[in-house]
Amino acid sequence: MNTLLLIIALLAMTTLAYHVGRKRALASVGGNGHLLHSLPSYHGAYVALWCILPAAIIVFFWLSSENAIINSMMVSSLSLEQQDLSTAEINLILSEIRNIASGAIRSTNIDETKLALADRYGELQFLSTAGLIVVTMGIGAMGLLYSRRFIAPRFRARRWVERMVMGLLIACSIIAILTTIGIVLSLLFEASRFFTKVSPIEFLFGLHWSPQTALRADQVGSTGAFGAVPVFAGTLLITIIAMIVAVPIGLLSAIYMAEYATPHFRSVVKPLLEILAGVPTVVYGFFAALTVGPFIRDLGESVGLNVASESALAAGLVMGIMIIPFVSSLSDDVINAVPQSLRDGAFAMGATKSETIRQIIIPAALPGIVGSILLAVSRAIGETMIVVMAAGLSANFTANPFEAVTTVTVQIVTLLVGDQEFDSAKTLAAFALGLILFIVTLILNVIALTVVRKYREKYD
Amino acid sequence: MTDAAALLASKRPDLSRARINRRYAAEKRFRLYGLIAIGAAMLMLAILLSTIVAKGYSAFLQTHIALDVTFDQSVIDPEGTRNPQTLARADYRGISREAVRDTFPEVTGRRDTRNLYKLFSTDLEFEVMRMVLADPALIGTTKRVWVKSAADIDMLSKGYINRDLPQADRRVNDQALGWYDKLDAEGRVSRLFNTTFFTTADSREPEQAGILGALVGSALTLLVTLVIVFPVGVSAAVYLEEFAPKNKWTDLIEVNINNLAAVPSIVFGLLGLAVFLNFFGLPRSAPLVGGLVLALMTLPTIIIAGRSALKAVPPSIREAALGVGASHMQTVTHHVLPLAMPGMLTGTIIGMAQALGETAPLLMIGMVAFIVDIPGSITDAATVLPVQIYLWADAPERAFVERTSAAILVLLAFLIAMNLAAILLRKKFERRW
């Protein structure tokens with residue numbers, strides 16, 4: 001709430017700065033705008049940018065470091081024996097203090113030291129907010145006053161404004177790179193902490209996955225084994241089933257749409273196919289868990305097969321349906337990019353349409369088609385909700401599609417939803433799995449995108 | 001000559017006709033395969049949508065039971081001040097239970113009456129309270145009002161409970177069944193529009209669970225996403241398309257954006273967990289963090305759409321602007337960007353639709369909590385519609401199945417509306433140069 005008010009105040013000040021700059025520019029030439037190097041509005045924008053940019057940067061850094069600083073100050077004001085506790089316990093105490101301060105806990109018998117700490121917490125927060133407001137508005141006003149001095153008839157305000165805007169545009173494009181760096185660093189950092197507890201060899205090649213670590217030493221059935229091969233195998237099994245569904249259907253529909261369909265047919269069917277891609281994955285998950293799963297189980301029972309109700313088949317099948325439009329629309333583009341001269345050549349030799357497609361177009365479009373299938377595979381590997389809702393949790397090492405298997409994404413979700421302690425191998429294992437997932441999909445994507453790009457260039 | 005040819009033909013049978021027939025048959029078969037593939041895809045879409053509609057439509061109606069409630073002045077407002085605070089504190093449990101007992105005068109005994117109350121939602125007393133608060137004129141009268149039944153009775157009324165099963169296998173026992181049939185015969189059972197579903201947040205009791213909390217959470221999350229992703233996406237697209245020099249750096253940015261678009265969404269959730277929650281210490285389960293994560297996830301989509309919209313603006317526009325003395329920046333902001341804006345907005349709406357349907361990254365940052373309050377700001381704990389669907393899909397009660405499907409229908413309605421808006425926008429502003 002305070003932040004919102006601050007932003008509004010800052011925007012108001014910026015508007016003021018704009019008018020100050022404009023007025024001053026006009027005044028400097030006695031109202032004859034044509035004597036100025038730049039339009040008055042550029043002088044205004046110059047002052048406004050000087051007012052808001054430094055202040056906005058301050059707000060951003062202040063808000064993002066506020067919590068960490070207040071927390072460390074709170075920790076240092078805890079008693080000495082409390083400071084020796086584990087991070088998790090300290091966090092517990094801190095969150096209790098926060099709750100007391102915010103009034104969420106209104107019990108009468110809170111002990112004195114905690115009440116004092118809560119008061120101190122409230123005080124620190126107030127100081128921080130007040131400091132932020134004073135510093136931000138001060139910096140804004142300083143920027144206004146500083147830049148205002150530059151305004152003169154010969155001042156090249158437009159050039160300066162354009163330079164600053166260009167800087168902003170570049171900063172925005174760099175956010176995409178920062179995201180990638182953020183992903184890589186955070187995954188690497190947490191995964192490396194995991195690999196100090198579990199050796200990478202055991203993780204990558206171990207055959208037993210049971211991440212529930214024991215809370216007590218005598219607990220049964222919680223060995224905490226982190227051999228991820230069964231998880232990878234489950235992912236592979238479900239992906240293969242999905243591709244068996246999606247590739248033939250997607251490819252054949254793409255061929256029909258590109259080569260046979262009338263424009264009218266295309267204009268009706270293509271959006272319908274794209275609906276399949278637009279349906280949220282949680283809807284597919286619900287469909288797989290409540291309709292397809294039980295249906296396959298009953299079907300299996302009726303022919304005497306023992307099918308788990310969370311079988312790999314159900315999840316793979318539904319995932320295949322979801323993937324169809326990815327295969328079909330990409331392949332459609334690729335087939336359309338094959339030059340008409342190749343078709344004409346084949347027709348001139350007397351080939352029928354299907355012969356042309358099978359012997360000329362598909363071979364010519366093959367690299368692009370392979371690229372689109374690779375992209376679909378990467379999509380299937382990274383798909384989460386369908387498998388979370390329809391596939392199992394137990395890591396069976398099997399190739400039987402009627403049994404329940406688990407996947408990388410399912411394990412990430414189960415390991416991270418609920419209580420987390422960031423010093424247990426169980427939680428960190430999710431980041432190791434995430435790292436593997438990221439690397440595998442990245443490799444697939446890079447190969448696919450390069451193949452498709454090369455292919456496009458060939459026929460352009 | 002012709003004789004000779006005829007002779008030759010009679011000696012060596014002409015195989016070309018059969019071969020051509022075979023080739024044409026192959027052609028027809030191939031064409032058919034294509035049609036079958038499209039038909040299969042359409043069939044699956046139809047099955048998907050029809051099962052969800054079939055499971056979900058009944059949730060828009062909720063079984064209500066008529067009760068003759070005596071709004072006793074001496075119980076509700078003994079001093080007659082009509083002060084809302086006094087009204088809110090009255091003994092509505094007593095009033096509503098008395099009305100229930102009056103409906104079944106023949107039922108006596110503690111256990112039986114307690115079972116009788118179970119025909120109704122546990123929300124009963126609060127329903128009566130809300131009626132009084134909304135219309136204090138009720139006090140002192142006796143009125144027949146419609147109140148929600150319990151979820152099991154709702155299921156029975158909608159025909160989801162098989163009466164032929166033995167009592168032990170049924171959620172509704174024979175006694176309750178008898179009471180229900182009696183009410184039904186008296187015309188005291190009716191299925192009315194389920195307003196609760198649209199006006200409350202999550203609840204453990206199916207008949208009190210609604211999607212408003214999740215809808216507000218989704219709206220707040222999308223608001224954060226939009227505020228971040230639109231300016232950043234447009235700026236990045238403008239820079240990369242209009243200003244960036246062709247060099248290694250911009251190549252890297254371009255490859256990077258294309259790859260980012262194909263990174264699994266759950267990885268963005270891991271990023272959010274590690275960076276926003278653990279490093280920056282932002283609150284868990286908050287729309288603020290959800291919006292940030294979804295913004296990073298949709299950013300590549302919006303940049304790619306924005307760039308293709310900018311590409312579609314013909315170079316002649318730029319040349320004309322430059323020719324009359326506009327600076328490069330003026331050319332872009334005054335001429336190119338306004339012309340590309342409809343395309344960029346279309347891309348943004350599609351990106352927002354993608355963000356609205358996304359679940360997995362939000363699970364990572366703790367938006368799966370059970371939240372009964374409607375969030376009021378972007379730092380409150382909240383959940384979003386797809387996550388609500390995920391949570392309900394896990395709930396064991398039969399009544400949650402129809403509510404899950406109904407929530408899916410609402411989600412799909414929003415997605416369809418957003419995509420339609422995008423299509424209309426494109427149709428309206430599409431320009432062929």
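How many bridges join strand E1 of chain B to E3(B)? Before I answer, please keep in mind that this is a predicted model. There are five bridges between strand E1, residues 61–70 of chain B, and E3(B), and the two strands run antiparallel. As one example, Thr63(B) has Arg191(B) as its bridge partner in E3(B).

Stepping back to the sheet as a whole, it is an open one of three strands in chain B, in the order E2-E1-E3, with antiparallel pairing. Strand E2 (142–148) and strand E3 (189–193) of chain B each have a single partner strand and stand at the edges, so one side of each is left without a neighbour in the sheet. On average, and ignoring direction, neighbouring strands here are turned by 45° against each other.

Now to the contact between the chains, which takes 72 residues from chain A and 68 residues from chain B. On the side of chain A that touches chain B, helix H6 (residues 157–197) gives the most, with 19 residues, and by class that side has 47 nonpolar, 21 polar and four charged residues.

The crossing of H10(A) past H18(B) is left-handed. From H10(A), Val282(A), Phe286(A) and Ala289(A) meet Pro386(B), Ile389(B), Tyr390(B) and Ala393(B) of H18(B), and by class this contact has seven nonpolar, no polar and no charged residues.

Notes: Residues numbered from 1 in each chain as written. Chains lettered and ligands numbered in written order. Predicted model: local features only at pLDDT ≥ 70, side-chain atom pairs only at ≥ 80, totals over all residues. Left-handed = near helix turned anticlockwise from the far one by under 90°. Helix = DSSP H or I, 4+ residues; strand = E, 2+ residues; numbered from the N terminus. Contact = placed C-beta atoms within 7 Å. Nonpolar A, V, L, I, M, F, W, Y, C, P; charged D, E, K, R; others polar. Pairing = 2+ DSSP bridges. Axes fitted to C-alpha atoms, helices over the stretch in contact; angles between N-to-C directions.
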